[in-house]
Amino acid sequence: MKDLMIDIETLDTLPTAAVISIGAVYFDRKTGEIGDKFYARIDFEDACRIGTTSEDTMDWWNSQEKSVREEAFSGVELAKDVALRFVDCCVDGVKPWGNGSVFDITIIENWFRETGVKTPWFFWNVRDVRTAVDLFNINPKNYTRDGVHHNALDDCLFQIKYLCEGMKGE
């Protein structure tokens with residue numbers, strides 16, 4: 001499997017955003033089969049050291065359920081250590097998918113630069129969930145969601161579900 005769904009939780013919406021968690025799941029886009037998974041939470045202070053925060057995003061986080069906030073903000077790993085572990089899980093020719101052409105992948109590529117770790121994919125391999133949703137007329141609300149909203153790993157699994165099922169026309 002080379003397709004890798006990536007979701008991140010951040011403290012800003014700019015390309016320079018602080019990243020507090022990363023989820024990634026390999027999948028087969030034709031069958032929806034799930035492969036290896038990656039999930040990491042980054043220490044808040046370390047995330048803020050290399051990325052930006054915004055008042056609007058922090059207000060948004062404060063409006064989320066307490067359990068969601070606690071999960072998202074409970075990281076203890078340093079960003080560079082997470083980046084190195086993440087690169088180790090990326091296969092040659094990986095095709096990263098992000099939910100939005102200028103959000104997840106753009107932010108994580110900046111995050112790699114800030115941690116001093118080389119991005120593990122080529123720009124021409126990047127895929128966009130929202131473009132596929134538009135092209136295949138997929139409505140994510142038509143699919144049952146498991147897991148927790150704004151948990152990067154659960155968000156990846158849901159995105160894979162509606163993307164793969166929607167592209168098959170189910």
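This is a predicted model: local features need pLDDT of at least 70, side-chain atom pairs count only at pLDDT 80 or more; totals for chains, interfaces and linings use all residues.
Thr16 sits in the loop that links strand 1 with strand 2 (19-27). Leaving aside residues up to four places away in sequence, Thr16 touches Gly51, Thr52 and Asn110. Then there is Glu114: 98 residues separate Thr16 from Glu114 in sequence, yet their C-alpha atoms are 9.0 Å apart in space.

Now for the strands. Strand 1 (residues 3-10) and strand 4 (residues 95-98) run parallel and are joined by three bridges. Looking across from Leu4, one finds Pro96 of strand 4 standing opposite. Strand 4 also pairs with strand 5 (residues 127-128), again in the parallel sense, this time over two bridges. Here Trp97 has Arg127 of strand 5 as its bridge partner.

The loop between helix 5 and strand 5 is where Phe122 turns up. With a relative accessible area of 47%, Phe122 is partly exposed, since it takes over 50% to count as exposed. Phe122 also belongs to a nonpolar patch on the surface, along with Phe123 and Trp124. Taken together, Phe122, Phe123 and Trp124 have about 430 Å² of accessible area.

Technical notes: Residues are numbered from 1 along each chain as its sequence is written. Side-chain values use heavy atoms; hydrogens and water are left out. Two strands pair if DSSP finds at least two bridges between them. Helices (H or I, at least four residues) and strands (E, at least two) are DSSP runs, numbered from the N terminus. Patches are made of residues with over 30% relative accessible area and no salt bridge: like charges are joined within 9 Å, nonpolar side chains (Val, Leu, Ile, Met, Phe, Trp, Tyr) within 5 Å. Accessible areas come from the Shrake-Rupley method with a 1.4 Å probe; for residues, only the protein chains shown count as cover. A salt bridge is a side-chain nitrogen of Lys or Arg within 4 Å of a carboxyl oxygen of Asp or Glu. Buried means under 20% relative accessible area, exposed over 50%, partly exposed in between (1.4 Å probe, protein chains only). Contact means heavy atoms within 4.5 Å.
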